[in-house]
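Open the model in a viewer and keep the selection panel at hand. The stops below give what to select and what is there.

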Amino acid sequence: VASSSCSQDGKFDILFPIALPDEGTFDWLDYFLENHPGYTEVSDRKIVEWATGSGLGKPRTTSLKNSNDKPDVTFGIQALDEMTPRKLLYTIAPLIPRNYVVMEVKSNLLKSERQDLLRRFDLPHFRRVAAVVVGEPPESFKVKVRAAVLAEKQEKLDTEWKIRKERRRQMEMQQKLVREKMEKQKAMEEAQMKMFEATKAEGAEAK
């Protein structure tokens with residue numbers, strides 16, 4: 001867990017990003033955390049990351065509605081699949097003084113759910129801050145996102161190339177096996193023909 005430092009007034013920041021879904025919100029979060037390592041992400045995405053990093057392996061995506069905000073994944077463990085650790089996380093986090101980014105995209109937009117999240121961190125050692133993530137991003141953020149998009153595209157191209165290469169290898173192997181089988185069949189037929197001709201010649205000489 002990343003270390004945190006409080007401000008001069010002894011309080012820790014609790015950031016509640018306010019942003020539109022699927023508009024680069026988690027790209028912003030990654031950029032923010034990279035530049036502010038003293039903050040800890042609180043989100044369902046982080047829970048999935050912790051579970052995967054603990055050795056459970058990569059979960060299966062079970063819905064087209066899967067997103068970083070609300071991952072719809074299956075580990076094969078009921079408690080995890082139902083995101084039970086979320087309740088534990090929101091119970092423990094307020095008890096540990098540190099800077100947090102509460103990354104609940106949908107809930108932060110809805111008044112009732114946002115108020116519930118605010119109440120959880122309504123403690124003297126926390127300062128609750130709304131971080132409005134809209135407008136023109138800085139150039140450094142654009143550069144980072146473009147690099148990430150290019151890297152993702154390159155990874156996809158590399159994967160597709162490896163798949164095509166493997167399919168071609170398997171096809172060539174199958175063709176080789178077919179050729180070898182045909183050559184063996186031809187050799188066997190030629191051997192049988194020679195034996196037949198030799199037997200026929202011996203029979204003729206015997207007469």
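This is a predicted model: local features need pLDDT of at least 70, side-chain atom pairs count only at pLDDT 80 or more; totals for chains, interfaces and linings use all residues.

N108 sits in helix 5, residues 105-109. Is N108 buried or exposed? Its relative accessibility is 0%, so N108 counts as buried; the cut-off for buried is under 20% relative accessible area. Show the contacts of N108 next, leaving out neighbours within four places in sequence: F16, P17, I18, V102, R114 and L117.

From that list, take V102 and select strand 5, residues 99-102. Strand 5 pairs with strand 2 in the parallel sense, over 4 bridges. Opposite V102 stands V42.

Now select strand 2, residues 39-42, with side chains shown. Y39 and E41 point one way, while T40 and V42 point the other way. Are these residues buried or exposed? All of them are buried.

Next, the nonpolar cores. The largest one has 18 residues. Which of its members touch the most others? Select I14, F16, Y90, Y100, V102, F121 and F126. Two or more residues of this core come from each of strand 1 (12-18), helix 2 (44-56), helix 4 (85-92) and strand 5. Apart from this core lies another, of 13 residues, including F32, L33, A131 and F141. As background, nonpolar side chains in soluble globular proteins tend to be buried together.

Return to F126 and display its surroundings. Not counting residues up to four places away in sequence, F126 touches K11, F12, I14, A93, P94, I96, P97, R98, Y100 and F121.

I96 forms a nonpolar surface patch with L88, I92 and L95. Together the four have about 380 Å² of accessible area. I92 has a relative accessible area of 38%, so it counts as partly exposed.

Finally, clear the selection and view the whole chain. How many helices and strands does the chain have? There are 7 helices and 6 strands, and from the N terminus they run β-α-β-α-β-β-α-α-β-α-α-β-α. The chain has 207 residues, of which 26% are buried. The accessible surface comes to about 15000 Å², and carbon and sulfur atoms account for 56% of that surface. Of the contacts between residues at least 6 apart in sequence, 71% join residues at least 24 apart.

Note on methods:
Residues are numbered from 1 along each chain as its sequence is written. Side-chain values use heavy atoms; hydrogens and water are left out. Buried means under 20% relative accessible area, exposed over 50%, partly exposed in between (1.4 Å probe, protein chains only). Two strands pair if DSSP finds at least two bridges between them. A nonpolar core is a set of buried Ala, Val, Leu, Ile, Met, Phe, Trp, Tyr and Cys residues joined through side-chain atoms within 4.5 Å. Contact means heavy atoms within 4.5 Å. Patches are made of residues with over 30% relative accessible area and no salt bridge: like charges are joined within 9 Å, nonpolar side chains (Val, Leu, Ile, Met, Phe, Trp, Tyr) within 5 Å. Accessible areas come from the Shrake-Rupley method with a 1.4 Å probe; for residues, only the protein chains shown count as cover. A salt bridge is a side-chain nitrogen of Lys or Arg within 4 Å of a carboxyl oxygen of Asp or Glu.
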